[in-house]
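Thanks for coming. I will go through one structure today, starting with a word on terms and then moving from the domains to the backbone details.

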Amino acid sequence: MARKPAAGGSFDLEVDVVAVGSGLGGISAAIAARDRGAEVAILEKAGKLGGVSAYGGGEVFVPNNHKMREAGIADSDAAGRRYFEFLSAGFHSPAHLDRLLATMHEAVEYMGKEAGVRWLSVRQLPDYYYPHAPGSAAEGRYLSAELFPGAELGAWQGKTLLTPHVPPGVLHEDLYRMGGLAKVTEWDYELIARRIEQDLRGFGPGLMGWFLKAALVDRKIPAFAGSPVRELLVDDEGAVVGVCASREGTDFRVRARRGVVLAVGGYDWNPEMARYFESVPDWNSACPPTLQGDAIVLGTEVGAALAAVPSTNLAMFFGYNIPGEESEGAPLFRSSWECGCPHAIWVNRAGRRFCDESFYKDYQPRLREWDGRRQTRDNWPPFLIFDQNYRERYPLGSFLPGQELPPELVVVADRPRDLAAQLGIDPEGLEATLERFNQHAARGEDPDFGRGAYPWCARLTGDFSYPNPNLAPLDKPPYYGVRLVPVSVGINSHGLKTDTRARVVHVRGHPIRGLCAVGNSAALLDLGGGYQSGTSNMRAITWGYIAGRHLAGD
Amino acid sequence: MPETEFSTTTRAPVAAVWSFVQDMDNWAPFLTGYQSHERRGERESLWTIRGDTGVLARVVRFEVQVTEWSELRRVAFTLRGINEPMQGEGSFSLEAAGAGGEEDPAPAPRPGALSRFFEALARLALRLFGGGTRRDPKAAAAGAAAGGSRMGFRLRVEAGGPMAPMVNAMIKPALGPVAEDLASKILAHLEGGLREGGAGAPSGSGAR
C-alpha cells in the first residue's frame, strides 16, 4: 500500500495550483492556469529558473504552424500526422497523439497572443528525416523565439539558466548565415559580443526568457528557486492537495487547492534509474544536474503508474567531458558534433565504421546492437577519429584550431595504426577502414552508410564548401582519436503514465485527483518510439497548457 | 578592453598587509577555485585554478611574471594563459591611509552571471604580488606607517584568438563585481588578525 504523506498541519502558502519545475512544461501550466483565474505558485529545485528548456536549442516542432502559413510555406495537418506516426514506429497511444495534435497549435498560438512569446519560423532547417519519411518537410516546422532582452526579467535576470551548449545571443538564422557549427572560426564574434553586452538571448535561454517573463513579470506569479519538492501531500482519499518542499533549510509546505503539476524533467542524473530504464552500460547527461527522477519518486510514492516507450531511438548522443569542465556544479558533457563534419569518422574496437556518423538517429540504434551469441555490444564504445585537415578547420568542443587539445581526452599519432594501438582499436581494421572510406569520400560518396543523405545533418554540422558537406577523407597526419561516451539530452524512455488530460494515472488505473505530469516527467505515450528536435518543447508547452487549464477548472 | 580598478582601506597597517601578502603560500589556499601553484624562480610562478564563468567552469593554467616589486608600495605583474588564449597585466599598490582608514562609497550591485571565473582570476591576480622574494617581516614592519592602509588594485585581462570579442564581452561586465568580493575577503583576514590582537573593528571597504 502506498504511503500517504500527511496533508494535515499548517501551510506556509496556499494557492490553487502548484507548478513543480520552471521549464516550459511548468511555466506553460502556470500561465494557462493563471489566465483561467487560478492562483499559482512555481517551485524550482535549482537555484536558477528555466530547467532543461533553457539548456537546449529552443526549437518547438509544430507542423503546419501559423508562422509557416504567414511565410507561405506549404504544409498540412495530415502531413504532420503522417510524420509523427512515422516517428512513433507504432509505439504511441493514438488517444494521446490525437490530443497532442489537436491542441499543439492552440497552445503555441496562445503563448504568442496572450503570453507575448514572439515566435519565429526557422528557415532552412529540415525535419530530421526529410525527404525520406512520409509527411516530412523541408523547412518551417521549427519555431523559435526572437532574441529575448534579459533585462525584461527584472530581478530574475541573473537567476535564470543560460546554457554552455549553444553560442550566446544567436538565432538560427545568424548561425546559418555565419556558416553553422562547423564554421566556428568564421563566426561574427563582434556581433555576438554586442548581443552579450545587451544580454540578448537566443535559443533555449531566449525561448525560456519569453515564457518566464510572461509568468513572473507580466502575471507576477510567485516563484521559489532553490526549493526542491520532497513529497506530495495527499488527503485521506488519495487526492494530492499540496507539496512539502525544502527552502532555505526548512520545510516549505504549500497547499494546492486544485492540484499540482509535476514538470521536473526526467532522470538523467539518477544513475540507478538511468541504468535500469535505459539499459546501457554507461550514462551521462548534457542537462542540468537537477534531473534526478523526482517525478518518478514523487509520483510512485502516491501510487502513480509508470509507462515506457522503446529507448532504442530517442535522443542519446555521444560525446565527452573535457577534463575539468563543469556546468552548474556537475561535469559538463558535450555532444560530439565533430562526427558530422568532414575529415572525421567513428569506428568501433574492430576499427570498423558502423553507421552514418552525421545522423544520430542512425548511430543510436546501431550502438545498441547486441551480439546475442557473444553477449556483447560490438559498436560500444565508439571512437571519434579525425586528421589534421579537421584540426585546421573545425573545433573540438570549445577548442578552436590551433588551441592545445587536452591530452587526457585526445590521443595523437602520426600513423593510423599507432593511433589505433593507443586507443585499443584493431590497427589493421582502422587502416583498412580509412583506405576504403577515403577512396569514396574523395568523391563525396559513402556507399556503406549513405552519409550526407539527410539534409538535416548537413545543416547541423556540415561544411557547405564541400560537395558533400558531411564527408571528406582523413589523409593528413597527424591523426587524432577520442573515446566517446553516451550523452543524454533528457529525453528518457520511462515516465509517469498520464491520461489525455495530463492527469497522472494510478497503478489501479484511475487518475490521481489533483496530480498532473507534463513534459519529460510524463511518459512519451504521444510520440512513441521516436524523437525529433523540438518535439520535447512542443509537448511540454502543449501538455502544460492542457494541465494548467484542467486544474484551473476547464 | 576588459579592465577593473578598485581601492579599499583597512585599519591594518601597511607593514601588516605587506607581511601577509608578500608570501603567496599564505593566501594561495584561500583562492576560490585554487588547485595548485608552483614557484618558478624569483618572479615567475605557475597557477592552476578552476575558473567559473557561471555557465561553464574550466581548469585554467596561468603563467604569472612579476614585473615590478617595490617593497611596501607596489607590485606589477603580467599573466599569460597556458591552456587558454588569454593575457593580461595588473598591479597592486599599498599606502598609508591614516589611523581610521577612509570610507569609499559602497559598490553598486551589478549583474554577473558569468563572473565567477573572472572573480577567481582577479583574486588570483591580486594575490600574485606575493610572487617575489620573501622578505624579513621585521624589516618590513620597521618601515610601516603607524595607521591604516589603502590598497589599490588594477587588472586588465584580454582574450586572444578568433573568439576574443565574445570572450572579452563576457569578461567586461564580470570584472566589476570582483572588487567587493576581493576587498571583503582580504579585509576579513587582515582585520580578523587585528581583532585577535585587540586593534578594533574593521574600518569598512569599498570598490569603485
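This is a predicted model: local features need pLDDT of at least 70, side-chain atom pairs count only at pLDDT 80 or more; totals for chains, interfaces and linings use all residues.

Start with the domains. The assignment for chain A gives domain 1, made of 13–166 + 202–230 + 492–551, and domain 2, made of 337–483. Their C-alpha centres lie 35 Å apart. Six residues from domain 1 of chain A and four residues from domain 2 of chain A make the contact. On the domain 1 side, those residues are four nonpolar, one polar and one charged.

Now the core. The largest nonpolar core has 218 residues. Among those with the most contacts inside it are Val18(A), Phe211(A), Val243(A) and Val518(A). Helix H7 of chain A, residues 203–218, gives the most to this core, with nine residues.

Take Val243(A) as one case. Leaving aside neighbours within four places in sequence, Val243(A) is in contact with residues including Val18(A), Val20(A), Leu43(A), Val229(A) and Val260(A).

Next, a sheet in chain A. This is an open sheet of four strands, ordered S15-S16-S18-S17, and the pairing is antiparallel. Strand S15, 344–347, and strand S17, 411–413, are the edge strands, each pairing on one side only. From one strand to the next the twist averages 25 degrees. Inside the sheet, S16 (residues 383–387) and S18 (residues 479–483) of chain A run antiparallel and are joined by five bridges. In that pair, Phe383(A) stands opposite Arg483(A). Packed on the sheet is helix H12 of chain A, residues 416–423, which touches S16, S17 and S18. The direction of H12 makes about 150 degrees with that of S17(A).

On to the contact between chains. Chain A puts in 20 residues and chain B puts in 19 residues. On the chain A side, the elements giving two or more residues are helix H6 (189–197) and strand S13 (316–327). Which of them gives the largest share of that side? It is H6(A), with six residues. By class, the chain A side has eight nonpolar, seven polar and five charged residues.

Last, the backbone. Most residues other than glycine have a negative phi, and most peptide bonds are trans. Here are the exceptions I picked out.

The peptide bond from Tyr130(A) to Pro131(A) is cis, with omega near 0 degrees. Pro131(A) sits in the loop between strand S4 (119–121) and strand S5 (142–145) of chain A. The bond from Trp380(A) to Pro381(A) is also cis, with omega near 0 degrees. Pro381(A) is in the loop between helix H10 (360–367) and S16 of chain A.

As for phi, Glu328(A) is not a glycine, yet has a positive value of about 50 degrees. Glu328(A) lies in the loop between S13 and strand S14 (330–335) of chain A. Is Glu328(A) buried or exposed? The cut-off for buried is 20 or more other C-beta atoms within 10 Å. Glu328(A) has 20, so it is buried.

Ala502(A) has a positive phi of about 70 degrees and is not a glycine either. Its loop runs between strand S20 (494–496) and strand S21 (503–505) of chain A. Ala502(A) has 31 C-beta neighbours inside 10 Å, and therefore counts as buried.

Conventions
Residues are numbered from 1 along each chain as its sequence is written. Chains are lettered from A and ligands numbered from 1 in the order in which they are written. Domain bounds come from an automatic or database domain assignment. Two residues are in contact if their C-beta atoms, placed from the backbone, lie within 7 Å. Ala, Val, Leu, Ile, Met, Phe, Trp, Tyr, Cys and Pro count as nonpolar, Asp, Glu, Lys and Arg as charged, and the others, Gly among them, as polar. Two strands pair if DSSP finds at least two bridges between them. Axes are lines fitted to C-alpha atoms, for helices over the stretch in contact, and angles run from 0 to 180 degrees between N-to-C directions. A nonpolar core is a set of buried Ala, Val, Leu, Ile, Met, Phe, Trp, Tyr and Cys residues joined through C-beta atoms within 7 Å. A residue is buried if 20 or more other C-beta atoms lie within 10 Å of its own, exposed if 12 or fewer, and partly exposed in between; C-beta atoms are placed from the backbone.
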